[in-house]
Structure formats: C-alpha cells, structure tokens
Amino acid sequence: MNLANKITLARMTLIPLFMLCFIPLPSWIQESSELLDQHGLVIGVIIFALAAGTDKLDGYVARKYNQITNLGKLLDPLADKLLISVALIMMVQENLIGSWIAVIIIGREIVITALRMIASEQGIALAADRYGKIKMVLQVAAIIAVLLNNFPFSLLMDVRVDMILLWLAAGVTLFSGLNYILVNYRLLK
C-alpha cells in the first residue's frame, strides 16, 4: 500500500475518534465538570480539521509521486463522504443544525455515488469537478464554524457567520450535485 492510500486510511481512522468526542459523559462526570464537555468539543474540532486536511495531502502525494491507484480512487471520496456525513449526523444529534441540512448534503453524496457506480459499470470514470471541491471546502468550513459556535466570528461581529457558511455550503452542495448530474448524464447516454 502506497503513502497516499495510507494517508486516506488515516483519515478514515480519525472518524471514530471524532465520534467519541460526541458520546455523552456519564451524569456523575457531567455534574462535576462542564469543562470536560468543552474540551471534548475542541478535541473533536481538531480531529475533524486534521482529518479534513488529509484530503488535500493524500491527493497531493498521489499526484506528486505518481501513486494514483484504483484503491485510492475508491477510498478517497468514500473517506470524504464518511467524514462529512458523520459530522453532520453528530451535529444533528447535538441540535446544532437542522436535519434538513444533513439530508441535503448526505442525499447529494448518495446520488452522486450512485451515478459514479453506474458510470463505472460502463467503464467510465467520473472525476470530481471544481464545484465538488468548492463544496467540500465550504462544508468543512461550515462544520468547523458551527462546532465552534461561531467562534472567532462572534468576537468580531454580531453576525452568525457559521450559519451563513452552512447555508452557503448547502446551496453549493445542491448546485454542484445538479451540475454534476447534468454534465455527466450526457456521457452516460
């Protein structure tokens, strides 16, 4: 297994660690320390940001060292989808976002994955487009901002930048999904 694929697998192993940060503490610990909950959230944000950052790194390594493999082509988008989906589900569980946002974003990923599977059966490899990459960056930024409860923006202004980023991420997610379907549907005909 090459370095690029190992980085992708590392991203996937960070996902359960991120999830652990959302497991409710036993009541006897919660009563004694709210600080532990806050530290858990900060650790969760660090793990999420680290995992999201490896997405760029594994792609860079794969291209620079000619380590692009079929396994990497499968694992990389899967790791991205798992990371974002888990984060959204955890945020819905914590009442940080509405479930409809998670449905839009996760639903888009399911539809695009299905389209890629159909293309793959026809021997066509559908690559991610620039809108998909913009979508991913906005989703990561929105998730981090929401998890940090609009910090540091709340120190500078009275605007919920986290919610603006979340709405923007949902809008770009919808747009990128529709664009991807329209562009690639012609290839599959």
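Here is our chat about salt bridges, helix packing, the surface and the backbone.

Trainee: What kind of model is this?
Mentor: This is a predicted model, where local features need pLDDT of at least 70 and side-chain atom pairs count only at pLDDT 80 or more, while totals for chains, interfaces and linings use all residues. Residues are numbered from 1 along each chain as its sequence is written, and side-chain values use heavy atoms, with hydrogens and water left out.

Trainee: How many salt bridges does the structure hold?
Mentor: There are 8 salt bridges. The term stands for a side-chain nitrogen of Lys or Arg within 4 Å of a carboxyl oxygen of Asp or Glu.

Trainee: Which residue pairs with D55?
Mentor: R11 does, with a salt bridge of 3.7 Å from N to O. This pair links distant parts of the chain, as R11 is in helix α1 (residues 3-20) and D55 in helix α3 (residues 34-64), 44 residues apart. Helices here are DSSP runs (H or I, at least four residues), numbered from the N terminus.

Trainee: And how far apart are the closest N and O atoms of D76 and R11?
Mentor: They are 2.5 Å apart, in another salt bridge. D76 lies in helix α4 and R11 in helix α1, so this pair ties together parts that are 65 residues apart in sequence.

Trainee: Is R11 buried or exposed?
Mentor: R11 is buried, because its relative accessibility is 0%. D76 is partly exposed, with a relative accessible area of 21%. The classes are buried for under 20% relative accessible area, exposed for over 50%, and partly exposed in between (1.4 Å probe, protein chains only).

Trainee: What about K81, which residue does it bridge to?
Mentor: K81 forms a salt bridge with E109, the closest N and O atoms being 3.3 Å apart. E109 lies in helix α5 and K81 in helix α4, so parts 28 residues apart in sequence are tied together. Both E109 and K81 are buried. Elsewhere, salt bridges with shared partners join R11, D55, D58, D76 and D80 into one network.

Trainee: OK, helices now. At what angle do the axes of α4 and α5 cross?
Mentor: Helix α4 (residues 70-93) and helix α5 (residues 99-121) cross at roughly 160 degrees, and their axes come within 9 Å. That makes α4 roughly antiparallel to α5. Axes are lines fitted to C-alpha atoms, for helices over the stretch in contact, and angles run from 0 to 180 degrees between N-to-C directions.

Trainee: And how do α1 and α4 pack?
Mentor: Their angle is about 15 degrees, with the axes 9 Å apart. α1 and α4 are therefore roughly parallel to each other. The cut-offs are under 35 degrees for roughly parallel, over 145 for roughly antiparallel, 65 to 115 for roughly perpendicular, and oblique for the rest.

Trainee: Changing topic, where does P152 lie?
Mentor: P152 lies in the loop between α6 (130-147) and α7 (153-156). The peptide bond from F151 to P152 is cis, with omega near 5 degrees. N150 is found in that loop between α6 and α7 too, and has a positive phi near 70 degrees without being glycine.

Trainee: Is N150 buried or exposed?
Mentor: N150 counts as buried, at 2% relative accessibility.

Trainee: What about N95, what is its phi?
Mentor: Phi of N95 is near 60 degrees, also a positive value in a residue other than glycine. N95 lies in the loop between α4 and α5, and counts as exposed at 69% relative accessibility.

Key: Helix = DSSP H or I, 4+ residues; strand = E, 2+ residues; numbered from the N terminus.
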